[in-house]
Amino acid sequence: MTTQPPARRLLGKELHRLDVRIGRMMRQSNAHRELEELSGSNFRILRFLEEHEDRDVYQKDLEAEFGITRSTASRVLGLMEQKGFISRESVAGDRRLKRLTLTQRARSLGQELRREGDALDARLLRGFSAQEVAQLYRFLDRLLENLEG
């Protein structure tokens, strides 16, 4: 009786399988159901506003950050405002400027996403030692560097 050599495992295929399963788990989450109202660009804008809540952010900041036109930014922000994710507040001294702020709905969604992300990370890393986790991240960094270089 002859034995077959083990099937060759391809890293890209394995990473894709992992990504598909992670995506499936995320789509089952409560926060993801709310996220279905947001496009990818909306989500990036929310993340940007969340990361910069310590300062005033205006439409022109988003135009510069994301390389979008004034009309695109205005349209996207209008839809996000209608959906209840952001508000535009007038600025004293210049009525043309509107400060962009997250609504409580958006803040709550961000908190829920972080909680779910933390739980997913804990599940993925269950059984790994701290050293193994650190090594995993070093390996992932090297994989990314290899693709860039």
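View 1. At 49% relative accessibility, Arg115 counts as partly exposed, because the exposed class begins only over 50%. This residue belongs to a predicted model, as do those in the views that follow. Glu112 forms a salt bridge with Arg115, and the closest N and O atoms of the pair are 2.7 Å apart. Glu112 is likewise counted as partly exposed, because its relative accessibility is 23%. Both Glu112 and Arg115 lie in helix α6, where three residues, or about one turn of the helix, separate them. An α-helix has 3.6 residues a turn, so residues three or four places apart point the same way. A network is also found among Arg9, Glu14 and Arg17, which are joined by salt bridges that share partners.

**View 2. A salt bridge between Glu53 and Arg107.** Side chains of opposite charge can pair when their charged atoms come close. In this view Glu53 forms a salt bridge with Arg107, with 2.9 Å between the closest N and O atoms. The pair links distant parts of the chain, since Glu53 sits in the loop between α3 (40–51) and α4 while Arg107 sits in helix α6, 54 residues apart. Glu53 is partly exposed, with a relative accessibility of 42%, and Arg107 is also partly exposed, with a relative accessible area of 29%. A search of the whole structure finds twelve salt bridges.

View 3. The side chains of Arg88 and Glu81 meet in a salt bridge, with a distance of 3.0 Å from N to O. Arg88 is partly exposed at a relative accessible area of 27%, and Glu81 is partly exposed at 31%. Phe66, which is placed in helix α4, is 22 residues from Arg88 in sequence and 19 Å from Arg88 in space, C-alpha to C-alpha. With a relative accessibility of 29%, Phe66 counts as partly exposed.

View 4. Helix α4 covers residues 59–66, and its buried residues are Gln59, Asp61, Leu62 and Glu63. Phe66, also in helix α4, is instead partly exposed, because its relative accessibility of 29% is not under the 20% that buried residues require. Just after α4 comes Gly67, which takes a positive phi of about 65°.

**View 5. The packing of helices α1 and α6.** Two packed helices are described by the angle between their axes and the distance between the axes. For α1 and helix α6 (residues 104–124), the angle is about 140° and the axes are 11 Å apart. The two helices α1 and α6 are therefore oblique to each other, because only angles over 145 degrees count as roughly antiparallel. The crossing in which α1 passes α6 is right-handed.

View 6. Leu11, Leu15, Leu18, Leu124, Tyr137, Leu140 and Leu143 together make a nonpolar surface patch of about 570 Å². At least two residues of this nonpolar patch are supplied by α1 (11–27), and at least two by α7 (130–148). One of the patch residues, Tyr137, lies in helix α7. Tyr137 has a relative accessibility of 39% and therefore counts as partly exposed.

Note on methods: Residues numbered from 1 in each chain as written. Predicted model: local features only at pLDDT ≥ 70, side-chain atom pairs only at ≥ 80, totals over all residues. Heavy atoms only, no water. Patch = residues over 30% accessible without salt bridge, like charges linked within 9 Å, V, L, I, M, F, W, Y side chains within 5 Å. Areas by Shrake-Rupley, 256 points an atom, 1.4 Å probe, with all protein chains shown as cover. Salt bridge = Lys/Arg side-chain N within 4 Å of Asp/Glu carboxyl O. Helix = DSSP H or I, 4+ residues; strand = E, 2+ residues; numbered from the N terminus. Buried < 20%, exposed > 50% of the residue type's maximum accessible area, 1.4 Å probe, protein only. Axes fitted to C-alpha atoms, helices over the stretch in contact; angles between N-to-C directions. Parallel < 35°, antiparallel > 145°, perpendicular 65-115°, else oblique. Left-handed = near helix turned anticlockwise from the far one by under 90°.
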